[in-house]
Amino acid sequence: MEKQESFEKTAVRVSYVSIISNAVLTVLKLFAGIFAKSSAMISDAIHSASDVLSSIVVIVGVKIASKESDKNHPYGHERYESVAAIVLSAMLGATGLTLGYNAVLNLIRGDYVGSEIPGILAAVAAVISIIVKEAMYWYTRYYAKKIDSNALMADAWHHRSDSLSSIGSLIGVMGARMGLAWFDPAASIVICLFILKAAYEIFFDAVNQMVDHSCSEDVEKAIVKCAKKHPRMLGIERLRTREFGNKIYVDLRIYADDTISFVESDQIAKEIHDMVEQEFPKIKHINVMMRPKTVKKK
């Protein structure tokens, strides 16, 4: 229960920091875009405003995922966090596609030709945005890894996408001031590809957690290694794992000496259960079953 509360509080705290930073950046970019006459910066301001919504999605998803098991959800609500990650990946993908689509149209139509030269204030706003959003990316990414949150990791990539978008805006502003206005749409196309790659990875990672995907081979090997530390465990007959949101369910069937009593067998299973569960905090439930194995007497 304490771990679950820590998970929820951390994710919500980080999301509130994201909302505040995005709100401040939206106002700054909008001001700079209007007064420096930069359409790229105004578009970037709209992008920052949309990121406020993504942080709200994280808060809602995490709060639902942190609820205790109930009659209708006996295994818990962890998968709702994966749902939030899928929604965020879709929003991230839409951002990338929109950015790329508009950039391609600008190149084809030559919309950048003859546009008004933006003021230096737009470049300053872009630099501030890059610094703040990159810092927010690493801040959110750190806590996403710490509490193993897909939704928070997706939000981190929203920060990175905004940072990349601001880089595109900066290139566009500086290019326009040097007479190379085509820099803006060209850079946007490259940025679009980075954003789509991140959206793809977040989406399939979340989907794997929704369809009872097994843990990685490294994790399963580590579980086996931990179980084998028990001196009275003679071998592993079967190990099955499945991811449930950001948690893991384990079914472990082990061999033990068939000459021992039922009480001893049950005690060994309990000890192995506790050993594995303690070493792997992500495990929400582990079922250890004993199988008899004859030990030859010397």
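How many residues does helix 5 have, and how far does helix 5 reach from its first C-alpha to its last? The legends below start there.

**View 1. Helix 5, end to end.** Helix 5 (residues 150-177) runs for 28 residues and spans 41 Å from first to last C-alpha, close to the 40 Å expected at 1.5 Å a residue. That expected span is 1.5 Å times one less than the number of residues. Helices here are DSSP runs (H or I, at least four residues), strands are E runs of at least two, and both are numbered from the N terminus. This is a predicted model, so to speak: local features need pLDDT of at least 70, side-chain atom pairs count only at pLDDT 80 or more, and totals for chains, interfaces and linings use all residues. Residues are numbered from 1 along each chain as its sequence is written, and side-chain values use heavy atoms, with hydrogens and water left out.

**View 2. The two ends of helix 5.** At the start, a side-chain oxygen of Ser 149 comes to within 3.1 Å of the backbone nitrogen of Leu 152. After the helix comes Gly 179, with a positive phi near 85°.

View 3. Helix 5 is mostly covered, with 22 of its 28 residues buried (under 20% relative accessible area, 1.4 Å probe, protein chains only). A nonpolar core is a set of buried Ala, Val, Leu, Ile, Met, Phe, Trp, Tyr and Cys residues joined through side-chain atoms within 4.5 Å. The largest one has 24 residues, and Val 58, Leu 88, Leu 92 and Leu 152 touch the most other members. Helix 5 gives the largest share, six residues.

**View 4. Around Val 58.** Leaving out residues up to four places away in sequence, Val 58 touches Ser 15, Leu 88, Ala 151, Leu 152 and Asp 155; contact means heavy atoms within 4.5 Å. Apart from this core lies another, of 21 residues, among them Val 250, Ala 256, Ile 260 and Val 288.

**View 5. Ser 129 in helix 4.** Ser 129 is found in helix 4 and is buried, at a relative accessible area of 0%. Its contacts, not counting residues up to four places away in sequence, are Leu 25, Lys 29, Asp 44, Glu 134 and Ser 166.

**View 6. Zooming back out.** The protein has eight helices and three strands, in the order α-α-α-α-α-α-α-β-β-α-β. Of its 298 residues, 45% count as buried.

Conventions. Buried < 20%, exposed > 50% of the residue type's maximum accessible area, 1.4 Å probe, protein only. Polar contact = N/O pair within 3.5 Å; in protein donor to acceptor, adjacent residues only side chain to side chain.
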